[in-house]
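User: I have a structure open and want to go through a few residues. Can you take questions as they come?
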Amino acid sequence: MSDLPVNPLVLIGVGSSFALSGLFYHLYQEKKKELTKLKEIPIFRPDQQLVRVLRATPYKRLQYVAVEGMVQADGEPLASKFVPRCFGVIQKITMEEHWKYWNNLTSTWNSRMMNKTETSNSVPFSLVSPGAYITDLYVKVHNPLEASGCYLERVYHKLKHAEESLGNIALQVIGGEKPVAMEEGEEMLRVGSTMTGFGEVVLEGGQVMRLQAPQDGRKFILVPSDYRSFMDRHESSASMWKALTALTGLTGASLLAGVIYNLGGKKDDRSK
């Protein structure tokens with residue numbers, strides 16, 4: 001039986017390269033569309049310009065805009081449970097127990113996590129222009145817990161290992177399980193951090209502005225950065241998919257060219 005003219009692994013490499021190139025190109029096009037839509041969203045800060053635009057619009061309402069500002073509590077901020085002099089407006093504390101139990105089938109200790117508790121607290125807050133610690137112009141953020149986006153910062157995380165005690169030893173012998181550690185964590189939206197909110201802005205009472213979930217069904221998003229950094233991350237993502245498209249496409253084309261060249265060389269050898 002004669003050998004195959006082409007190594008099957010090379011053919012798999014050609015097909016995989018072109019398939020990946022097609023996938024990366026699709027992701028690149030999707031990211032480009034997303035970027036185009038993001039660039040069409042007006043960007044504002046909590047200042048007089050935003051007030052003037054709202055007063056000039058029907059119903060004193062902007063359906064979907066981006067507002068960039070600094071987080072400021074409307075009243076007394078939340079104090080961190082674990083970190084001194086750390087204050088925020090949204091706080092999430094999680095606690096979870098790590099246990100081990102004896103598996104008779106494998107004669108080994110297996111791990112599991114249980115009794116997870118999560119506590120969330122929040123106080124009303126607004127976005128103000130960066131540097132303006134005392135100002136009459138601000139945008140109140142309405143129902144921030146309804147917004148999507150990873151806007152909480154982890155300020156504390158610790159794994160407290162369980163101490164050996166008579167009770168734990170008895171539990172281990174009788175029940176075949178033992179406590180290992182307690183995991184504690186705290187996340188906060190800190191006072192003074194920069195945030196960009198995407199949603200609907202309405203003007204109430206001539207000066208009070210409110211950012212809220214859009215009525216047209218678009219996403220209410222809170223981003224823990226300034227608008228430029230947010231856009232830079234999306235543009236970097238688009239550039240990455242574009243580069244991967246080119247790389248995998250060129251790899252596939254090079255492998256295919258090598259296959260064609262080898263087939264042509266073997267055909268010439270046979271004709272001689």
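This is a predicted model: local features need pLDDT of at least 70, side-chain atom pairs count only at pLDDT 80 or more; totals for chains, interfaces and linings use all residues.

User: Start with Glu96. Which strand is it in?
Analyst: Glu96 sits in strand E4, residues 87-103.

User: What is the nearest side chain of opposite charge to Glu96, and how far away is it?
Analyst: That is Lys116, 4.5 Å away. Glu96 is buried and has no salt bridge.

User: What else does Glu96 touch?
Analyst: Leaving out residues up to four places away in sequence, its contacts include Met113, Met114, Asn115, Ala181 and Glu183.

User: Switching to Thr245. Buried or exposed?
Analyst: Thr245 is buried, because its relative accessible area is 13%. The residue belongs to helix H4, residues 227-271.

User: Which backbone atom does its side chain reach?
Analyst: The side chain of Thr245 comes to 3.1 Å from the backbone nitrogen of Tyr25. Thr245 also touches Ser21 and Phe24.

User: Which residues of H1 are buried?
Analyst: Val14, Ser17, Ser21, Phe24, Tyr28, Lys31, Leu35 and Leu38.

User: And how far does H1 reach?
Analyst: Helix H1, residues 8-39, spans 46 Å from first C-alpha to last, close to the 46 Å expected for its 32 residues.

User: Last one, Arg52: buried or exposed?
Analyst: Arg52, in helix H2, counts as exposed because its relative accessible area is 54%. Its C-alpha is 9.9 Å from that of Gln207, 155 residues apart along the chain.

Definitions and conventions. Residues are numbered from 1 along each chain as its sequence is written. Side-chain values use heavy atoms; hydrogens and water are left out. Helices (H or I, at least four residues) and strands (E, at least two) are DSSP runs, numbered from the N terminus. Buried means under 20% relative accessible area, exposed over 50%, partly exposed in between (1.4 Å probe, protein chains only). Lys and Arg count as positive and Asp and Glu as negative; His and the chain ends are not counted. A salt bridge is a side-chain nitrogen of Lys or Arg within 4 Å of a carboxyl oxygen of Asp or Glu. Contact means heavy atoms within 4.5 Å. The expected span of a helix is 1.5 Å times one less than its number of residues. A polar contact is a pair of N or O atoms within 3.5 Å; within protein, one must be able to donate a hydrogen and the other to accept it, and residues adjacent in sequence count only if both atoms are side-chain atoms.
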